[in-house]
Amino acid sequence: MRWVEIYYHKDKMYLLLWILSIGYFFIVILPYIIFGFTYIPWIISIPDLIDLIFYPPVIGLTLYAIYRSIICGKKNSLIDYFFILFLVIHFIGHGFHWAANAIHETIKHASIYDTSTISYAYFLDEVLGHKIMYYPLYFMLLLFLLEEIRYLNASYGKNYLFLNIPNGIIFGFSLIISAIEGQSPYEALALASFSILLVILFFRKSLGKVKNFPYSSFALVTSMTIVATGIIYFLIFGGFIEPSKIFK
């Protein structure tokens, strides 16, 4: 019975990771590929509008579902509080950044503006807003990894490492590109490096067993994609220049 329970949650986790990967790409990355970085008064831009409407329900509920799937009904008040705290701060950061970005873009396109005002709006938008948003997200992703390692210690199941290659690549690519745009590439690279280290340390006796852990294998593929994409991006553009400044 316990085998069936764990196996069921692993398959559920695999589905949720696909939703997270596709959802993040379609909400955060794809709209800018389609509509670009154009400015529309009051709306700001179509990608911004899509982000405001769809990011909270899709990403928020998926992150919550992933956490519930990992803990499998086990009670741990401290971990629960940490997750809730990270989730709340992440969406405070999301709203903070969205509002700051709207003000920043509006000031940029005004006929007359004060230099100190635009500098302050830039700080709230591109620096503080992104940090408040991204740091809790990274902590949640690390928390998921630690919790799966702690709870799901069975060595049977499907080859999730192979199955997670496409969605791990999609999510890793989306994370590092959004991090570069949000001036947080080094934080994303630190997250990826630490995740790879954790997987190696935990599975050091038998690295092949990582394939039986849906989130751990997903985190490994995602992290390797972040590192590889980050290096390639840096070499091509001579640094972590924001995509909006390159393709605008």
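## Basis of the description

Because the model is predicted, local features are taken only where pLDDT is at least 70 and side-chain atom pairs only at pLDDT 80 or more, while totals for chains, interfaces and linings use all residues. Residues are numbered from 1 along each chain as its sequence is written, and side-chain values use heavy atoms, with hydrogens and water left out.

## Packing of H2 against H3

Helix H2 (residues 46-71) packs with helix H3 (residues 77-108) at an angle of about 170 degrees, and their axes are 11 Å apart; helices here are DSSP runs of H or I with at least four residues, numbered from the N terminus. The axes are lines fitted to C-alpha atoms over the stretch in contact, with angles running from 0 to 180 degrees between N-to-C directions. The two helices are therefore roughly antiparallel to each other, a term that applies to angles over 145 degrees.

Contact means heavy atoms within 4.5 Å.

Twelve of the 17 residues are buried, so H6 is largely enclosed by the rest of the structure. Buried means under 20% relative accessible area, exposed means over 50%, and partly exposed lies in between (1.4 Å probe, protein chains only).

The buried residues of H6 include Phe 171, Leu 175, Ile 176, Ile 177 and Ile 180, as well as Asn 167, Ser 174 and Glu 181. After H6 comes Gln 183, with a positive phi near 55 degrees.

Pro 214 lies in helix H8 (residues 214-237) and is buried, with a relative accessible area of 0%. Leaving aside neighbours within four places in sequence, Pro 214 is in contact with Lys 10, Met 13, Tyr 14, Leu 17, Glu 148, Tyr 160 and Asn 164.

Ser 223, which also lies in H8, is buried at a relative accessible area of 4%. With neighbours within four places in sequence again left aside, Ser 223 is in contact with Ala 192, Ser 195 and Ile 196.

## Salt bridges

The structure holds four salt bridges, each defined by a side-chain nitrogen of Lys or Arg within 4 Å of a carboxyl oxygen of Asp or Glu. One of them joins Lys 158 to Asp 11, with the closest N and O atoms 3.5 Å apart; this pair links distant parts of the chain, since Lys 158 is in the loop between H4 (115-151) and H5 (160-163) and Asp 11 is in H1 (residues 2-35), 147 residues apart. Lys 158 is partly exposed at 37% relative accessibility, and Asp 11 is partly exposed at 25%.

Lys 131 forms a salt bridge with Glu 187, the closest N and O atoms being 2.8 Å apart; Lys 131 lies in H4 and Glu 187 in H7 (residues 185-202), so the pair ties together parts that are 56 residues apart in sequence. Lys 245 and Glu 242 also meet in a salt bridge, at 3.4 Å from N to O, with Lys 245 exposed at 57% relative accessible area and Glu 242 buried at 7%.

Key: Angles under 35 degrees count as roughly parallel, over 145 as roughly antiparallel, 65 to 115 as roughly perpendicular and the rest as oblique.
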